[in-house]
Amino acid sequence: MAQNKPETELTEDRYRAPALDKGLDILEKLAGLEEGLSQAEIAAALERKPNEIYRMLDRLVKRGYVVRTSVDQYQLSLKLFELAHRHSPMRRLVVQSTPHLRTFAEAAQQGCHIALYERGGLTAIAQVDAPGYWGFGIRVGARFALRDSSSGHVLLAFASEQDQQYMLAQSESADAAIDTHLEKTLTRIREQGYEIMPSQQVEGVYNIAVPLLNSGGQAIAALACPWVKHLEHMNSPSQEAVLALLFKTAERIRSGGAEG
């Protein structure tokens with residue numbers, strides 16, 4: 001007599017949608033890569049035969065979710081990113097914060113951006129350039145690491161223990177453990193409410209970040225400024241002055257308060 005399957009397993013079997021699963025598998029695989037893959041490489045990565053995914057790739061290309069390159073590789077388009085920005089809470093955050101980001105940039109003479117956690121890393125969802133002819137900034141849609149950025153440290157420091165473990169487990173290093181150094185760093189950030197650290201990517205840039213907190217005291221996003229010293233303007237705001245402006249801007253964004 002056949003062994004009865006658990007009820008949850010029966011429910012999953014009953015509502016299976018193999019074609020949808022196949023399409024989502026392709027999107028998730030391509031989302032984790034910077035470069036494209038050929039049809040054969042995608043099939044191998046998903047442990048399927050190339051002809052199994054041919055139709056699905058064709059549909060994803062026709063619907064605009066995937067693009068086919070000149071060397072017959074497939075990579076994600078920006079459609080998923082655009083769809084994410086149609087999500088009402090994120091759109092409200094971007095719309096509500098942008099005027100305050102502009103005010104900050106003028107006062108600080110620095111660029112700034114808002115980043116949130118997404119798929120094991122951070123994504124910039126709003127950004128304003130520094131005024132003047134030059135400056136350093138992060139482009140909207142840019143992805144960067146969780147563990148080696150001020151924004152990532154702020155988000156980890158002001159996350160619940162459960163969310164923190166999940167974020168670290170999904171991060172680029174795929175290591176959920178918090179070493180002693182990181183633990184001390186996050187404790188310091190929670191106590192002082194911000195992070196200032198040298199950029200791990202660009203020499204001479206200091207990343208300054210503060211959390212955008214919800215009513216429960218957890219960070220929904222990080223407000224950050226990649227601070228650079230302006231040698232031609234001796235009276236340009238210091239790191240400490242920029243930090244104070246970031247705190248003021250974060251409070252305005254959180255409360256929806258007027259500028260000024």
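Trainee: Which exposed residues are carried by the face of helix 9 turned away from its buried side?
Mentor: This is a predicted model, in which local features need pLDDT of at least 70, side-chain atom pairs count only at pLDDT 80 or more, and totals for chains, interfaces and linings use all residues. Residues are numbered from 1 along each chain as its sequence is written, and side-chain values use heavy atoms, with hydrogens and water left out. Buried means under 20% relative accessible area, exposed over 50% and partly exposed in between, for a 1.4 Å probe and protein chains only. On the face of helix 9 turned away from its buried side, the exposed residues are Thr180, Lys184 and Glu191.

Trainee: Within what arc do the buried residues of helix 9 fall, seen down its axis?
Mentor: The buried residues in helix 9 are Leu182, Thr185, Leu186 and Ile189. They line one face of the helix, because seen down the axis (taking the directions from the helix axis to the C-beta atoms) they fall within an arc of 95°.

Trainee: What covers the buried residues of helix 9?
Mentor: Helices (H or I, at least four residues) and strands (E, at least two) are DSSP runs, numbered from the N terminus, and contact means heavy atoms within 4.5 Å. The elements covering the buried residues of helix 9 include helix 7 (150–157), helix 8 (161–170) and strand 6 (195–198).
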